[in-house]
Amino acid sequence: MKSTEGAGMKKRKVSGGGQPQWLLLAPIYIFTILFVILPFLYMFLLSVLSRAKVWGVEFDFTLDNYKRILEPLYLSTFAESFRLAVISTILVALIGYPYGYFMARMNAVWKKRMLLLIMIPFWTSALIRLYGWIIVFRSNGVLDKFLMGLHITAEPLKLLYTYPAVVVGMIYALLPFMILAVYSSAEKMDWTLVEASRDLGASSFRAFWTVTFKLTLPGLLSGVVLTFIPSMGLFFIADILGGNKIVLVGSVIQEQITKGRNQPFAAAMSVVLMLLTTLMIRLYRRITGTSRLEGMV
């Protein structure tokens, strides 16, 4: 009798106070179906259709859209997007990890101040903030006047519409995500483990590498995912600061929809881009799962 009553109590707890468990999970399933599965299926179906001669699509199933992606022009576009994403992610990690780590070490007052500095840019449109970088990078702009005032340069630099300008724009747009991810991981860390390693004779660097870095690695990897995935498709940054000289996958997709009117090919490129980002997430989950198992051992 007691075992039966205990099983009944556990069942009621799992079901959420008498309500069926599927009813509690229904909103999640509905959201996933409506905003994830159905849009992906629609995009995949569109990618295997043929472009109509005038406008729209024809229900003529084909894989030519995917074969077209293998052309050197589009493969180089994917390679350029991947290269820019890797460079941006590495620089964002090098800047954002120390920032988030040391912010977690501050007292409560300074933590609030630093978080406020990170959140203030989000109160303004991203496009307006990017146009602000045009004022900084343009010839005889703020940066040129500053460098010439310090006698570092003798003439204006041509920084706008260059590759470094696009990288700076990527870093500026994605850096807060890395900082917040690292800060969240470092904030939850048990600092007594670091003190224990120092008491056992470990140097400050060894204690950081063997304890702190491993415990904050999930936050760093989360920041990498939050940085790498968007940087593959942030074409408007390349358009504004690169002057259409740097073509990314997102730029090609937009051009195929607006100018080329080739929706099936744009959908095929979107599917491939989504698969690449999915592989990135799977790799992240595999690495974090392995690191957690190592930490348990």
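**From the chain to helix 11**

Modeller: The chain has a radius of gyration of 25 Å, whereas a compact globule of 297 residues would have one near 19 Å. That radius is taken over C-alpha atoms, and the globule rule is 2.2 Å times the number of residues to the power 0.38. This is a predicted model: local features need pLDDT of at least 70, side-chain atom pairs count only at pLDDT 80 or more, and totals for chains, interfaces and linings use all residues. Residues are numbered from 1 along each chain as its sequence is written, and side-chain values use heavy atoms, without hydrogens and water.

The C-alpha trace spans about 75 × 65 × 35 Å along its principal axes. The chain holds 13 helices and 2 strands. These are DSSP runs, numbered from the N terminus (helices: H or I, at least four residues; strands: E, at least two). Of the 297 residues, 36% are buried, meaning under 20% relative accessible area with a 1.4 Å probe, protein chains only.

Now helix 11. Helix 11 covers residues 235-242. Its buried residues are Ile 237, Ala 238, Ile 240, Leu 241 and Gly 242. An α-helix has 3.6 residues a turn, so residues three or four places apart point the same way.

What covers these buried residues? The cover includes helix 6 (126-137) and helix 8 (163-187), with contact meaning heavy atoms within 4.5 Å. After helix 11 comes Gly 243. The phi of Gly 243 is positive, near 65 degrees.

Contacts in the whole chain give the wider setting. Among those between residues at least 6 apart in sequence, 67% join residues at least 24 apart.

Notes. Buried < 20%, exposed > 50% of the residue type's maximum accessible area, 1.4 Å probe, protein only.
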